[in-house]
Amino acid sequence: MMTLATTEVEKAALRRLSQLAVNGPLTGTTAWRCFSSPVARYRYDENQPPVVFNANELAALKSLKKLVVDHLEFKARRACAYCKRPVGHYGYGWHIEHVYPKASYPERTFALGNLTIGCTDCNQWKAARVDRGTLTGGLTIIDPVANGFRYGDHINLVHLATEEICFVKYRPTSETGRATYNKLQFADIERSTIIDSVNDDLAALHRRMNDALANVQASDSESELGALLCTLRSRIYRLG
Ligand SMILES: [Zn+2]
């Protein structure tokens, strides 16, 4: 991310956060929270003194976040790096996605090459089913930011839409493609896409659940409530 920093204050604030993540007292997760929603006095632990930012640093972190978001949206063409569905204003809710999770790899928390775009669904399933195992087992799903990575080498995606119906099908063609399909629950995406396209009531409910999920994840990306919402939605579509 240092390459995106344009001012000395931005560079210094970023350097400071990186050091706090790697050397403590912050973790990758809490340092990222500091960056994402910067406040003057950040209490990461009620028994410890807060991490303090002055007005210049706060402004620098906010402007740098906007640069990072713009950069990732452009690079990922406003699509989730895993399921390829559109995100943003006319698409699904999304988060900045750490391919190697910040909780296990604090030194990669602010590495631009480790960042991409993940929709709320993929983000939630990856946090629950992939991230915790990466330290011992490595990344078991596709690595969309790896050098030379091509989505089509791992997953073939067919998307058909008419005025009446919308159909999406993922066909994994590699081992990591198959793991991505299973762990990130792509079967649910296939099912919900076709059901939503023919059932307006269910589509409206789905949109509301997506909004709720985006809000839950904004407050805590690994919350129990987020996992619960995802599972509930998954069950509804299996019944539908
Ligand atoms: Zn996705």
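Student: Where do lysine 66 and aspartate 70 lie?
Tutor: Lysine 66 and aspartate 70 both lie in helix 3, four residues apart, which is about one turn of the helix. Helices here are DSSP runs of H or I with at least four residues, strands are E runs of at least two, and both are numbered from the N terminus. The model is a predicted one, in which local features need pLDDT of at least 70 and side-chain atom pairs count only at pLDDT 80 or more, while totals for chains, interfaces and linings use all residues. Residues are numbered from 1 along each chain as its sequence is written, and side-chain values use heavy atoms, with hydrogens and water left out.

Student: What do lysine 66 and aspartate 70 form, and how far apart are the closest N and O atoms?
Tutor: They form a salt bridge with the closest N and O atoms 2.9 Å apart, the term being used for a side-chain nitrogen of Lys or Arg within 4 Å of a carboxyl oxygen of Asp or Glu.

Student: Is lysine 66 buried or exposed?
Tutor: Lysine 66 counts as exposed at 51% relative accessibility, whereas aspartate 70 is partly exposed at 35%. The cut-offs are under 20% relative accessible area for buried and over 50% for exposed, with partly exposed in between, using a 1.4 Å probe and protein chains only.

Student: OK, and how many salt bridges does a search of the whole structure find?
Tutor: The search finds 10 salt bridges. One of them joins the side chains of arginine 85 and aspartate 121, at 2.7 Å from N to O. Arginine 85 is in the loop between helix 3 and strand 3 (94-98) and aspartate 121 is in helix 4, so this pair ties together parts that are 36 residues apart in sequence. Both arginine 85 and aspartate 121 are buried.

Student: What about the rest of helix 4, is it enclosed or open?
Tutor: Helix 4 (residues 120-129) has eight of its 10 residues buried, so it is largely enclosed by the rest of the structure. Among the buried ones are Asp121, Trp125 and Lys126.

Student: Back to salt bridges, which residue does lysine 169 meet?
Tutor: The side chain of lysine 169 meets that of glutamate 190, with 3.5 Å from N to O. This pair links distant parts of the chain, since lysine 169 is in strand 6 and glutamate 190 is in helix 7 (residues 186-198), 21 residues apart. Lysine 169 is partly exposed at 36% relative accessible area, while glutamate 190 counts as buried at 13%.

Student: Now packing. At what angle do helix 1 and helix 3 pack?
Tutor: Helix 1 (residues 8-23) packs against helix 3 at about 90 degrees, with the axes 9 Å apart; axes are lines fitted to C-alpha atoms, for helices over the stretch in contact, and angles run from 0 to 180 degrees between N-to-C directions. Helix 1 and helix 3 are therefore roughly perpendicular, on a scale where under 35 degrees is roughly parallel, over 145 roughly antiparallel, 65 to 115 roughly perpendicular and the rest oblique. Residues making the contact include Ala13, Leu14 and Leu17 of helix 1 and Ala60, Leu61 and Leu64 of helix 3, contact meaning heavy atoms within 4.5 Å.

Student: And how do the axes of helix 2 and helix 3 cross?
Tutor: The axes of helix 2 (residues 28-36) and helix 3 (residues 55-75) cross at roughly 95 degrees and come within 8 Å. That makes helix 2 roughly perpendicular to helix 3. Cys34, Phe35 and Ser36 in helix 2 meet Leu61, Leu64, Lys65 and Val68 in helix 3.
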